[in-house]
Protein chains: 2
Amino acid sequence: MPALARKSAPTDRPPAGRAAVRALRAAPRADNRVNDVLAAAARLFREKGYAFTSMRDIASGAGMLAGSLYYHFASKEGLLVAVYAEGVGRITAAVDAAASAPAADPWQRLEQVCAAHLEALLEASDYAQVVIRVRPDDVPEVAAQLTALRDAYEKVFSRAIAALPLDGRADRRALKLMLLGALNWSQTWYRPGRDSPRTLARRFVRLLRESAAA
Amino acid sequence: MPALARKSAPTDRPPAGRAAVRALRAAPRADNRVNDVLAAAARLFREKGYAFTSMRDIASGAGMLAGSLYYHFASKEGLLVAVYAEGVGRITAAVDAAASAPAADPWQRLEQVCAAHLEALLEASDYAQVVIRVRPDDVPEVAAQLTALRDAYEKVFSRAIAALPLDGRADRRALKLMLLGALNWSQTWYRPGRDSPRTLARRFVRLLRESAAA
DNA sequence: GTGCAAAACAAACGGTTGTTAGGTATGATC
DNA sequence: GATCATACCTAACAACCGTTTGTTTTGCAC
């Protein structure tokens with residue numbers, strides 16, 4: 001329910017040609033299809049990318065016409081922000097749960113966190129995959145919003161790294177960048193049915209925990 | 001000089017409406033502007049991405065008109081393949097040079113390789129940056145060509161990892177995926193003027209070489 | 001069951017897209 | 001200096017883009 005993407009209601013119609021955001025709105029009907037629209041958009045943005053997905057594609061995926069989308073969202077960019085926010089929300093929820101589950105030690109907890117991140121990213125959710133696939137700077141007008149959402153999530157991840165028992169010289173920032181980069185890039189080479197997200201998370205964390213050198 | 005992207009010459013014109021590849025072509029003139037076109041395309045693909053760059057953008061960047069591009073390239077996709085190939089070539093050249101430079105040990109050699117990879121990726125070349133920025137599956141019709149080019153490069157990288165002295169249980173494949181992922185993803189957070197590619201390479205390799213755990 | 005806003009449809013808008021066809025200037029080759 | 005392919009320009013094509021407008025249907029509150 002992304003209020004920020006909503007347009008004004010007919011009673012409060014703005015001057016023609018200008019999209020406006022609404023402050024108050026009557027209760028939505030039970031049969032509205034915002035969720036179908038979001039789901040269709042998430043699926044298409046993930047499959048084809050933002051640029052190669054047209055509003056007509058999304059509309060037809062949700063079983064309606066292109067113009068109707070503008071009742072729920074002010075623009076294509078607004079729709080992307082809504083999908084992106086939902087995606088960040090889902091990743092955050094999954095990772096939060098993994099971070100507060102019982103673990104033998106901070107390293108195992110980090111492994112759980114990585115596994116949850118990877119699962120969301122690779123298999124669980126179209127929304128989550130959009131967060132990784134769509135570059136904020138592809139859409140300059142909302143890029144700031146998108147990066148803000150992403151940064152907020154990364155703090156959850158940082159916390160798991162802050163809890164690690166490292167020796168004094170260790171570089172936690174580099175560790176976070178390296179791990180998160182490796183995880184996010186996996187979207188380009190991952191193929192379902194091979195190594196599971198959980199397995200990959202274990203391998204990556206082990207590489208950092210135990211020295212690879214002989 | 002991407003022969004595969006060339007269109008047929010007027011003397012060998014194919015049926016209208018069909019693009020064709022040419023086998024033989026007379027010597028190109030010295031004053032042609034293919035390189036300007038490639039450079040403009042590389043710059044724009046890097047800045048705005050493939051989808052958001054129009055043929056008119058590229059043409060104007062090279063100081064000519066959109067239609068003229070089709071004398072040199074059969075399609076927008078063909079132009080992308082040419083840029084991509086040049087990008088892979090440049091990364092490979094830089095990394096090859098780093099790999100054959102003198103090094104104290106295999107780990108230092110790997111660090112040199114990573115630094116060269118990062119420099120190409122983050123600063124040196126528009127062409128190289130396109131290779132990381134543009135997803136092959138964004139352009140289904142040439143995706144296979146693009147991934148083939150990318151895979152060919154990764155073998156150079158794998159060789160540097162194969163030379164590492166690791167203990168028996170170590171997972172070289174995971175190590176390669178992790179390192180390459182971390183390096184490639186850096187394009188999303190790297191800002192010039194902060195840590196140099198060389199510094200980042202040193203940090204990442206050290207995290208793998210020496211255990212981070214206390 | 002009447003009233004009213006929610007939520008959709010239907011049809012178009014101006015603009016941009018990749019691409020093509022035909023014409024023309026230019027530099028090299030003989 | 002004539003010839004001819006190279007390398008561009010000019011102008012258009014049909015298709016598609018995101019978005020707007022006016023109208024119609026439909027669920028819900030009273």
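Modeller: Let's start with Gln129(B), which has a relative accessibility of 10%. Buried means under 20%, so Gln129(B) counts as buried. Please keep in mind that this is a predicted model.

Where does this residue sit? Gln129(B) belongs to helix α6 of chain B, which covers residues 126–133. To see what surrounds Gln129(B), set aside its neighbours within four places in sequence. What remains in contact with Gln129(B) is Arg46(B), Ala120(B), Leu121(B), Leu122(B), Glu123(B) and Gln187(B).

Now widen the view to the whole helix. Of the 8 residues of α6(B), 7 are buried, so this helix is largely enclosed by the rest of the structure. Those buried residues are Tyr127(B), Ala128(B), Gln129(B), Val130(B), Val131(B), Ile132(B) and Arg133(B). What do they pack against? In chain B, the partners of the buried residues of α6(B) are α1 (34–48), α4 (76–100), α5 (106–124), α7 (143–162) and α8 (172–185). Chain A takes part too, because its helix α8 also packs against the buried residues of α6(B).

Helix α8(A) spans residues 172–185, and its axis comes within 10 Å of the axis of helix α7(A), residues 143–162. The two axes cross at roughly 125°, and α7(A) and α8(A) are therefore oblique to each other. The crossing in which α7(A) passes α8(A) is right-handed.

Which residues meet there? From α7(A) come Glu154(A), Phe157(A), Ser158(A), Ile161(A) and Ala162(A). From α8(A) come Arg172(A), Leu175(A), Lys176(A), Leu179(A), Leu180(A) and Leu183(A). Sorted by class, this contact has 7 nonpolar, 1 polar and 3 charged residues.

Finally, step back to chain A as a whole. Chain A has 9 helices and 0 strands. Of its 214 residues, 47% count as buried. Take the contacts in chain A between residues at least 6 apart in sequence: 64% of them join residues at least 24 apart.

Note on methods: Residues are numbered from 1 along each chain as its sequence is written. Chains are lettered from A and ligands numbered from 1 in the order in which they are written. This is a predicted model: local features need pLDDT of at least 70, side-chain atom pairs count only at pLDDT 80 or more; totals for chains, interfaces and linings use all residues. Side-chain values use heavy atoms; hydrogens and water are left out. Axes are lines fitted to C-alpha atoms, for helices over the stretch in contact, and angles run from 0 to 180 degrees between N-to-C directions. Helices (H or I, at least four residues) and strands (E, at least two) are DSSP runs, numbered from the N terminus. Angles under 35 degrees count as roughly parallel, over 145 as roughly antiparallel, 65 to 115 as roughly perpendicular and the rest as oblique. A crossing is left-handed if the near helix is turned anticlockwise from the far one by less than a right angle, and right-handed if clockwise. Contact means heavy atoms within 4.5 Å. Ala, Val, Leu, Ile, Met, Phe, Trp, Tyr, Cys and Pro count as nonpolar, Asp, Glu, Lys and Arg as charged, and the others, Gly among them, as polar. Buried means under 20% relative accessible area, exposed over 50%, partly exposed in between (1.4 Å probe, protein chains only).
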